[in-house]
Amino acid sequence: MYLLLPRHPTLCSVSTPSHRYLQFKTSHRTNLRYLKSLGIISPGLSTTPSPETVSHILYTIDYFKSKGFSEPDFSRIAFLSPHIFTPSFNPTATEPVFEFLTNELAASLEDSCGLILKCPHILESDPEYCLKPTLDYLTKLGIKQLNTPTTLNAHLLDTRVDKLKEKMRFLRSVGFSIEESRRVCGRFPAIFGYGIDHNLKPKFDYLVWKMKRNGREEVNKFPQYFGFSLGNRIKPRHLHLKQRNVDSEVPLNRMLLWSDVRFYKKWK
């Protein structure tokens with residue numbers, strides 16, 4: 001059985017003219033080596049993928065190359081979203097995602113690839129029912145430059161609106177108005193990535209009950225408070241200031257933003 005190899009020099013160790021034929025077994029083995037070199041197929045895999053599976057994976061690779069991805073990108077995509085390199089995944093079905101990134105988000109080709117590399121699951125998100133509503137919601141909160149390929153932006157875009165609203169409901173439950181909740185989230189969008197029960201609520205409770213501060217007022221002034229570790233930053237520094245009877249005098253931003261050297265030198 002023989003197969004005419006496609007013109008992809010990267011798939012073979014030597015270039016093959018279009019009129020030359022190689023034995024199918026040899027080409028399949030070469031393609032397997034190529035996929036292993038990309039990190040898509042594990043070298044220790046006990047079951048060898050079929051020629052049909054390999055052919056589909058190579059087609060997926062070519063499709064994403066046409067979208068601006070390079071070979072070093074595929075190992076990360078395969079690690080975070082292995083489903084993308086399986087026979088059940090149709091790469092052309094992601095075309096609406098790329099259109100959304102270009103037309104709705106105004107992301108360049110490079111930025112689109114960067115966002116997907118930060119969160120490959122974006123490729124499997126429905127633009128109409130997931131990505132667009134999320135973008136609209138975040139935009140209304142005043143969050144800008146979502147086309148910048150950061151980890152935060154990528155995961156925000158891939159978060160459903162209902163999940164985003166949970167953080168708003170938490171803020172409302174502890175006394176913030178609707179407008180205040182929107183402003184806090186808009187100024188500190190990383191809040192959407194934190195859990196409520198094991199992160200936001202313990203930090204807010206500590207601010208109110210242990211630090212004896214007006215939580216609503218303090219967070220309105222410094223929403224970044226939620227971004228600091230309760231055990232490693234907030235508690236140690238608060239207790240250090242409390243021992244010196246100055247804990248109520250030091251603003252949260254000075255207490256938490258300063259480096260250890262500057263902080264402990266100031267309040268010895």
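Against which helices do the buried residues of α5 pack?

## Basis and helix α5

The model is predicted: local features need pLDDT of at least 70 and side-chain atom pairs count only at pLDDT 80 or more, while totals for chains, interfaces and linings use all residues. Residues are numbered from 1 along each chain as its sequence is written, and side-chain values use heavy atoms, with hydrogens and water left out.

The buried residues of α5 pack against α3 (74-80), α4 (95-104) and α7 (151-157). Helix α5 spans residues 109-118, and its buried residues are Ser-112, Cys-113, Gly-114, Leu-115, Ile-116 and Leu-117. Buried means under 20% relative accessible area, exposed over 50%, and partly exposed in between (1.4 Å probe, protein chains only). Helices are DSSP runs (H or I, at least four residues), numbered from the N terminus. Contact means heavy atoms within 4.5 Å.

## Nonpolar core

The largest nonpolar core has 75 residues, and those with the most contacts inside it are Ile-40, Ile-61, Tyr-225 and Phe-226. Helix α2 (residues 51-65) supplies the largest share of this core, 6 residues. Such a core is a set of buried Ala, Val, Leu, Ile, Met, Phe, Trp, Tyr and Cys residues joined through side-chain atoms within 4.5 Å.

Not counting residues up to four places away in sequence, Phe-226 touches a set of residues including Phe-170, Tyr-194, Lys-203 and Val-219.

## Rings and charges

Rings of Phe, Tyr and Trp (its six-membered ring) pair if their centres lie within 6.5 Å; planes under 30 degrees apart count as stacked, over 60 as edge-to-face and the rest as tilted. The count by this rule is 11 aromatic pairs. The Phe-263 and Trp-267 rings have centres 5.3 Å apart and planes at 55°, so this pair is tilted. Both Phe-263 and Trp-267 are buried. Elsewhere, ring pairs join Tyr-63, Phe-64, Phe-69 and Phe-98 in a cluster.

The charged end of Lys-203 sits over the ring of Tyr-194, 5.2 Å from its centre. Arg-262 lies over the face of Trp-258, at 3.8 Å from the ring centre. The criterion is NZ of Lys or CZ of Arg within 6 Å of the ring centre and within 35 degrees of the ring normal.

Lys-212, in the loop between α10 and α11 (215-221), has a positive phi of about 60° although it is not a glycine. At 66% relative accessibility, Lys-212 counts as exposed.

Asn-245 is found in the loop between α12 and α13 (252-257). Asn-245, not a glycine, has a positive phi of about 60°, and counts as exposed at 63% relative accessibility.

Conventions
Helix = DSSP H or I, 4+ residues; strand = E, 2+ residues; numbered from the N terminus.
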